[in-house]
Amino acid sequence: MTNLHIRWGGVCIVAIVLIVLTYDHYRDNLASLAPQQVRQEAPKGDIRVLGMVQGGTLETRGAGEATFALLGEHASLPVHYEGPPPDNLRELKILVLIGTWNVGAQVFEARDIGIVPNYGFIAGAYLLGLLPLALLLFAMTRRVHFLYDEIKASKLYEEE
Amino acid sequence: MIACHGIGKAYGHFQVLHDVNLTIAEGECFALFGPNGSGKTTLLKVLATLERPSTGHFEILGMHGLKNKEAIRANLMFLAHGTHLYDELNARENLAFALALRGHYPTDQDVKRALDRVAIGAFADMKVRHYSAGMKKRLALAKTMLARPNVLLLDEPFTALDTAGAEILREYVRERLSAKGTVLLSTHDYDKTRPIANRAGILRHGALQETAIEELKSDDLV
Amino acid sequence: MTIHRVIRKVQRFEGWFGGSAVLCLIAGLYLGLIGSPPDYYQGEVVRIMYIHVPLAHTALLAYIVLTIGSLWYLWKRDPIVDNMCQAVAGLSAVFTALALGTGMIWGKPTWDTWWTWDARLTSFTVLLLILIGYLMLRTFVDDPEKEARYGAILAIVGFVDLPIIHFSVEWWRTLHQPQSISMRGVSISSGLLVPLLFMSVGMSLLFSYMLMVRTQLLYLDRLLHAKKGRLLSQFHLSKSDS
Amino acid sequence: MTSFSVIRWIVWKDFVTELRSRETISSMVFFALIVILIFSFSFSMDQQAAREVIAGIMWVAFAFTGIIGLGKSFSTELQNDCLEALQMVPEAKGAIYLGKVAANFAFMFVVEILLFPMFVILFNLEVVEEISLLLLVFFLATVGLSAIGTLFSALTVQIRAREVMLPILLLPLVVPVMIAAVEATKGALNGDPPAMYEQWLELLAIYDVVFTVVSFWMFEFVMDS
């Protein structure tokens with residue numbers, strides 16, 4: 001165990017802690033269900049459903065009410081939304097809905113409409129930004145240590 | 001006067017010159033012997049201000065080789081492997097161009113005399129493209145004559161020259177030496193060099209070792 | 001053979017730069033990923049800015065350092081300055097490439113395209129091309145003195161060219177594309193500023209640390225090579241004497 | 001005044017060499033013709049489409065032929081190591097630079113003037129009224145290309161892989177010249193009022209001045225160890 005390894009071990013531990021903290025922070029937002037899962041499992045309470053607004057199904061009634069069908073890969077859900085219609089509620093748009101599944105009426109009562117969080121892009125950007133720098137720095141410090149050792153070993157190095 | 005102080009030159013991994021110390025006084029001709037690849041040309045190029053030494057410094061005519069290059073160049077001629085001639089120009093044009101860049105404007109008589117002296121006066125209006133290697137060397141020598149340098153660096157001057165050409169060159173070197181000029185030449189040819197050289201040295205793997213010139217006669221490296 | 005005194009200094013102080021860089025980056029990452037709210041317009045995607053903008057800043061900072069180093073080299077002809085220039089050019093190329101990469105990742109969710117001929121993206125691409133040209137140029141020269149000199153010349157000419165490239169691309173873009181897509185769309189509020197500041201400072205410190213390490217690396221490499229070369233020819237010399 | 005005479009002698013030497021060998025200009029012209037031919041095969045276009053892309057094609061052809069000329073400018077100095085003689089000139093090297101820029105500019109400009117009628121004929125362009133403005137664009141852009149190109153020609157001639165490195169180093173740096181020249185040429189060919197593209201002419205003029213000065217200064221370091 002050299003000094004170099006200890007230092008980089010510390011950096012790795014810090015990185016892991018940061019990744020765990022971040023993942024923990026966003027875990028609730030990351031998990032969302034698909035429409036077919038909602039139909040099959042009929043979960044209770046607040047859930048998040050991800051899907052696309054099916055073309056030709058969006059109907060707005062007045063200022064605070066809208067119905068449409070949310071399309072997943074294998075199934076679609078009828079959605080009833082009450083509240084001020086957000087700007088991003090358009091046909092063929094991919095959305096995340098927060099609300100409850102009404103099993104009796106087979107309707108999803110949406111309370112909030114959010115755009116799909118692009119955590120993939122964010123994670124990609126941070127990994128692309130930091131990982132190469134860390135790897136490069138690690139390779140460079142290792143090489144510097146190696147070169148110092150080499151110089152000492154070949155008796156080219158004289159203490160002042 | 002040429003004075004080298006600890007000149008070293010490295011190309012990456014390869015150390016061409018090592019700590020070369022050499023002083024050549026006015027009126028002296030130093031012959032630099034050495035096997036191929038021993039760094040003769042590199043040393044001449046460093047002294048001709050074409051390459052910067054990696055370590056050490058030198059003085060020519062008392063002027064610092066790294067700080068006072070323009071003044072050194074005005075007083076120095078380097079007769080190199082390449083003859084510094086343009087193929088598409090004829091002999092007269094080549095001389096006029098090369099000397100104009102150095103600030104000399106020789107008269108037609110001067111040019112004619114120089115060309116006659118190197119015995120190529122008959123080819124003065126021929127393109128250099130059609131010259132033989134020896135003729136090119138002679139023309140380069142004529143250029144050197146017209147430039148009237150105080151310091152002369154000759155890189156293997158006898159290659160491509162015939163016996164008569166070598167004699168013209170030696171005659172010119174003697175003339176420069178008697179006019180207090182300084183000559184450094186690199187060579188492989190002991191017999192052609194012997195009549196003009198006052199001092200000699202061998203360059204081996206970039207390290208210079210001065211020797212009496214007679215000792216070099218039997219040296220297998222020469 | 002002794003190690004150059006500048007390298008000794010660097011060796012002694014580099015730890016402080018590395019340590020403070022790590023601290024700043026940890027704070028910046030925490031604030032950027034967890035501690036700050038999402039942007040009103042861009043949502044969570046705005047967090048990419050905290051990595052992209054510091055990378056881009058640092059790439060420019062690196063190029064400025066390269067230019068100053070090149071001028072310094074042409075003035076003083078100190079080989080250690082050239083080691084620094086070579087080190088900074090490699091790092092500048094890495095930072096520029098990463099800034100471009102993260103910029104593309106940011107562009108996909110915000111403008112729904114990986115690439116747009118935006119003035120900044122385009123001038124960064126040209127900058128990357130110049131830096132790659134610089135690194136290639138250096139590999140094609142045998143004499144280290146020439147290598148350093150030519151590199152310095154290219155770096156200085158490129159530095160003068162960069163603002164002109166930026167303006168010409170900007171004019172050209174306003175002529176050919178509507179203004180709808182523009183990086184200027186992000187108005188920076190104070191909530192975004194704090195993590196950005198930490199990340200920028202941290203990235204600059206990280207760059208300084210990497211520069212110190214890389215300068216050492218190139219210096220030691222050359223030192224070892226030179227010494228090996230000298231030993232080799234001394235070996236030949238002793239053989240030819242005997 | 002010696003510097004001025006150095007400029008004159010360098011230009012004289014390059015012109016005489018070119019008149020006798022005809023290597024540079026003829027190779028540039030034929031290369032450009034081939035480029036034009038290939039472009040006209042790759043885009044089959046009517047007159048309207050031609051108007052849109054012709055300026056771009058023209059400057060791609062001019063830039064590539066220019067690089068051929070610039071590369072030759074110093075590679076001819078390599079025969080018999082003439083470059084060493086230039087390096088040993090006991091004058092400031094700026095005079096050599098200016099002489100070489102003048103010669104390179106002249107060759108490139110002549111080639112452009114020779115090629116322009118070909119473009120007019122092959123792509124059925126209407127003959128323009130603003131020919132003097134077009135000449136001004138050619139002049140400014142060619143000064144810019146030769147100012148920076150001469151520096152890099154002198155630099156790359158002393159390294160390995162020089163034929164490849166000249167375009168690799170030069171083309172990113174002349175991006176502003178290419179953009180401005182294409183836009184201004186397009187404007188002049190369309191017969192737009194000059195006010196619409198005068199900003200490009202200004203950009204070219206600024207580029208010319210800046211890079212003549214910078215290259216003049218840097219040439220000293222290219223030639224002198």
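Thr49(B) sits in the loop that runs between helix 1 (40–47) and strand 4 (55–60) of chain B; helices (H or I, at least four residues) and strands (E, at least two) are DSSP runs, numbered from the N terminus. The structure is a predicted model, in which local features need pLDDT of at least 70, side-chain atom pairs count only at pLDDT 80 or more, and totals for chains, interfaces and linings use all residues. Residues are numbered from 1 along each chain as its sequence is written, while chains are lettered from A and ligands numbered from 1 in the order in which they are written.

Most residues other than glycine have a negative phi. Thr49(B) counts as buried because it has 23 C-beta neighbours inside 10 Å. A residue is called buried if 20 or more other C-beta atoms lie within 10 Å of its own, exposed if 12 or fewer, and partly exposed in between, with C-beta atoms placed from the backbone. His84(B) also has a positive phi, near 60 degrees, and is a residue other than glycine. The place to look for His84(B) is the loop between strand 6 (76–79) and helix 3 (91–101) of chain B. With 26 other C-beta atoms within 10 Å, His84(B) is buried.

Chain C is built from 6 helices and 0 strands, giving the pattern α-α-α-α-α-α along the sequence. Chain C has 242 residues, and 50% of them are buried. Contacts here are pairs of residues whose C-beta atoms, placed from the backbone, lie within 7 Å. Taking the contacts in chain C between residues at least 6 apart in sequence, 80% join residues at least 24 apart.

As for confidence, pLDDT is the predictor's confidence in each residue, from 0 to 100. Its mean over chain C is 87, and 86% of the residues of chain C reach 70 or more. Within chain C, the highest confidence goes to helix 2 (residues 49–76), at 95, and the lowest to helix 6 (residues 190–241), at a mean of 83. Residues 178–185 of chain C stay under 50 in pLDDT, and the model has 5 contacts beyond four places in sequence for them. Where pLDDT is low, the predicted coordinates should not be read in detail.

Turning to how the chains meet, 4 pairs of chains are in contact, and chains A and C share the most contacts of these. That contact draws 33 residues from chain A and 34 residues from chain C. On the chain A side, helix 1 (3–30) and helix 3 (119–153) are the elements that give two or more residues, and helix 3 of chain A has the largest share, with 20 residues. By class, the side of chain A that touches chain C has 23 nonpolar, 6 polar and 4 charged residues; Ala, Val, Leu, Ile, Met, Phe, Trp, Tyr, Cys and Pro count as nonpolar, Asp, Glu, Lys and Arg as charged, and the others, Gly among them, as polar.

The contact between chains C and D takes 26 residues from chain C and 24 residues from chain D. On the chain D side, helix 7 (162–173), helix 8 (175–190) and helix 9 (198–223) each supply at least two residues, with helix 9 of chain D giving the most, 8 residues. The side of chain D that touches chain C is made up of 19 nonpolar, 3 polar and 2 charged residues. Other pairs stay apart: no contact joins chain A and chain B, whose closest C-alpha atoms lie 16 Å apart, and chain A does not touch chain D, their nearest C-alpha atoms being 25 Å apart.

The residues of the contact of helix 6 with helix 7 of chain D comprise 7 nonpolar, 3 polar and 1 charged.

Terms used
Two residues are in contact if their C-beta atoms, placed from the backbone, lie within 7 Å.
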